[in-house]
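Open the model in your viewer and keep the sequence beside it. The stops below say what to select and what is there.

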Amino acid sequence: MIIGLTGRNGAGKGLVADYLKDKGYRFHSLSDVLREELRAEDREITRENLIQKGRQVRKAHGEGYLAKQILSRIQSDQNAVVDSFRHPQEVEVLRSAQEFHLICVDADAEIRYRRIHERSRPGDPTSFEEFLVLEKRESESVQSEGQQLSPTASMADTVLLNNGTPEELYANLGKLLSRLMHQMQRPDWDEYFMKLAKVAALRSNCIKRKVAAIIVRDRRVISTGYNGTPRGTRNCFEGGCPRCNSLADSGTKLDECLCSHGEENAITQAAYHGVSVKDSSLYTTFAPCLMCTKMIINAGIQEVIYNEDYPLNATSFALLHEAGVQCRRFQVD
């Protein structure tokens with residue numbers, strides 16, 4: 001889960017971030033990217049310099065630049081809280097991630113000014129009138145690359161009003177987190193196993209196409225295979241396969257190909273380790289060729305799920321159907 005924070009100065013975003021950090025969320029701030037750039041330029045990190053640098057990087061690299069930098073740092077297996085959303089395009093970048101929820105932390109202007117006055121940071125407004133002028137300037141810049149706090153806040157999934165005590169804020173946060181946890185999504189079994197197959201394909205040593213298959217029974221992976229040259233021979237990318245290394249056109253010189261297919265390797269690996277594949281399911285990144293189809297049928301595999309279609313597989317599909325092996329397509333990115 002990624003929780004984004006936006007809101008006006010003094011609303012209490014820091015309190016929300018601290019609460020989430022205590023719950024195990026990794027903290028990131030879009031402003032960190034700006035601070036890093038200011039340090040590299042040996043410039044003082046002030047509120048005004050941060051705002052100015054924000055305009056510069058958005059104009060130079062696009063309005064979602066800061067969010068793209070932070071998104072690249074977030075690990076997919078970790079909960080994260082991301083502070084300082086100040087532009088709608090930054091929100092749009094994070095919307096592309098799964099389980100993103102934007103919180104707008106808000107409070108009455110008088111309360112926010114009192115908090116700012118009490119913390120007394122360099123560059124903070126020294127009067128309520130100055131505070132209001134600064135806030136209006138930051139709410140919606142005339143330039144598209146400037147801060148757009150008001151439009152950003154309007155994109156929030158939840159608004160947390162923080163006019164009271166920290167304890168009251170934490171209580172509301174706890175309720176929100178509980179609700180979000182019950183809404184969390186996770187991959188279904190097809191997506192889970194197909195993505196495992198795609199990861200396995202990264203191990204392929206074939207220089208023409210990376211293909212992999214995994215064999216599953218009772219929702220447990222029992223064998224994995226990816227395409228490449230046979231055990232104990234030179235890898236394809238080391239010159240092991242003459243067809244691949246001659247850059248043969250697709251569908252030609254198949255008699256020169258020394259690579260075993262992903263489905264073939266998954267089945268033979270199971271046999272090598274004495275594992276039965278009878279009544280199992282096979283997930284493959286490409287629909288099986290005719291040779292692999294015959295192996296699938298004779299091995300007793302009952303279902304084939306494939307990600308991408310294979311251009312020469314009409315006969316394979318017909319044979320699978322005749323043998324009573326279920327076959328269906330399930331695509332993942």
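Select residues 281-286 and 303-308: these are strands β8 and β9, which pair in the parallel sense over 5 bridges. Strands here are DSSP runs (E, at least two residues; helices are H or I, at least four), numbered from the N terminus, and two of them pair if DSSP finds at least two bridges between them. Within this pair, Tyr283 has Ile305 in β9 as its bridge partner. This is a predicted model, where local features need pLDDT of at least 70 and side-chain atom pairs pLDDT 80 or more, while totals for chains, interfaces and linings use all residues. Residues are numbered from 1 along each chain as its sequence is written, and side-chain values use heavy atoms, without hydrogens and water.

Now widen the selection to the open sheet of 5 strands, ordered β7-β6-β8-β9-β10 with mixed pairing. β7 (220-226) and β10 (326-329) are at the edges with a single partner strand each, so one side of each has no neighbour in the sheet.

Next, select Glu303 and Arg328, which form a salt bridge with the closest N and O atoms 2.8 Å apart. The term means a side-chain nitrogen of Lys or Arg within 4 Å of a carboxyl oxygen of Asp or Glu. Glu303 is in strand β9 and Arg328 in strand β10, 25 residues apart. Glu303 is buried at 14% relative accessible area, whereas Arg328 is partly exposed at 31%; buried means under 20%, exposed over 50%, and partly exposed in between (1.4 Å probe, protein chains only).

Last, select Arg95 and Asp157, whose salt bridge has its closest N and O atoms 2.9 Å apart.
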